[in-house]
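Please examine the protein shown below. The questions that follow concern its architecture and packing.

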Amino acid sequence: MRNDMDRQKIREELTAILKIVDENLLKDAKIEDATTIREGLGLDSLQLTEMLFEIEERLGAKINDEEARGLKTIGDVITLIESKTTGA
């Protein structure tokens, strides 16, 4: 796990991950803390799974099923990654 990731760095990594999931995803959507994953970004279940896989691969943050069910917004994702990569 990376130990020195701040919110801005996580947001940059997450943006790169979302482009991997769907290169057209970010054309109309903004990546803000309040952006919802399903409605705001339009991620379906498969894309969400791919996003979580990429987060684990690129950032070393393993997100279990229970945690994944609680993720509603980009802010939720960033906060969870932050907690897992800073050891907080």
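Predicted model: local features only at pLDDT ≥ 70, side-chain atom pairs only at ≥ 80, totals over all residues.

Residues are numbered from 1 along each chain as its sequence is written, and side-chain values use heavy atoms, with hydrogens and water left out.

Q: Which pattern does the protein follow when read along the sequence?
A: Helices (H or I, at least four residues) and strands (E, at least two) are taken as DSSP runs and numbered from the N terminus. The secondary structure comes to four helices and zero strands. Read along the sequence, the pattern is α-α-α-α.

Q: What percentage of the residues of the protein count as buried?
A: A residue is buried under 20% relative accessible area, exposed over 50%, and partly exposed in between (1.4 Å probe, protein chains only). Of the 88 residues in the protein, the share that counts as buried is 42%.

Q: How much of the accessible surface belongs to carbon and sulfur atoms?
A: Accessible areas come from the Shrake-Rupley method with a 1.4 Å probe, and for residues only the protein chains shown count as cover. The accessible surface of the protein comes to about 5200 Å². The part belonging to carbon and sulfur atoms is 46%.

Q: Among contacts between residues at least 6 apart in sequence, what percentage join residues at least 24 apart?
A: Contact means heavy atoms within 4.5 Å. Among the contacts between residues at least 6 apart in sequence, those that join residues at least 24 apart make up 61%.

Q: How are H1 and H2 oriented to each other?
A: Axes are lines fitted to C-alpha atoms, for helices over the stretch in contact, and angles run from 0 to 180 degrees between N-to-C directions. Helix H1 (residues 7–21) packs on helix H2 (residues 45–59) at an angle of about 135°, with the axes 9 Å apart. Angles under 35 degrees count as roughly parallel, over 145 as roughly antiparallel, 65 to 115 as roughly perpendicular and the rest as oblique. The orientation of H1 and H2 is therefore oblique.

Q: Which residues of H1 and H2 make the contact between these helices?
A: The residues of this contact divide into nine nonpolar, one polar and four charged, where Ala, Val, Leu, Ile, Met, Phe, Trp, Tyr, Cys and Pro count as nonpolar, Asp, Glu, Lys and Arg as charged, and the others, Gly among them, as polar. H1 contributes Glu13, Leu14, Ala16, Ile17, Leu18, Ile20 and Val21. From H2 come Gln47, Glu50, Met51, Glu54, Ile55, Arg58 and Leu59.

Q: What is the handedness of the crossing in which H1 passes H4?
A: The axes of H1 and helix H4 (residues 74–85) come within 10 Å and cross at roughly 115°. A crossing is left-handed if the near helix is turned anticlockwise from the far one by less than a right angle, and right-handed if clockwise. The crossing of H1 and H4 is right-handed.

Q: How are H2 and H4 oriented to each other?
A: H2 and H4 pack with their axes 12 Å apart, at an angle of about 30°. The two helices are therefore roughly parallel.

Q: Which residues of H2 and H4 meet?
A: The contact of H2 with H4 involves five nonpolar residues, one polar and no charged. Met51, Ile55 and Leu59 in H2 meet, in H4, Val77, Ile81 and Thr85.

Q: Where does Thr35 lie, and which residues does Thr35 touch?
A: Thr35 is buried, with a relative accessible area of 12%. Thr35 lies in the loop between H1 and H2. Not counting residues up to four places away in sequence, Thr35 touches Lys30, Gly40, Leu41, Lys72, Thr73 and Ile74.

Q: Which residues is Gln47 in contact with, leaving aside neighbours within four places in sequence?
A: Gln47 lies in helix H2 and is buried, with a relative accessible area of 13%. Leaving aside neighbours within four places in sequence, Gln47 is in contact with Val21, Asp22 and Gly42.

Q: What distance separates the C-alpha atoms of Leu59 and Leu14?
A: Leu59, in helix H2, is buried with a relative accessible area of 2%. Leu59 and Leu14 are 45 residues apart along the chain, and their C-alpha atoms are separated by 9.3 Å.
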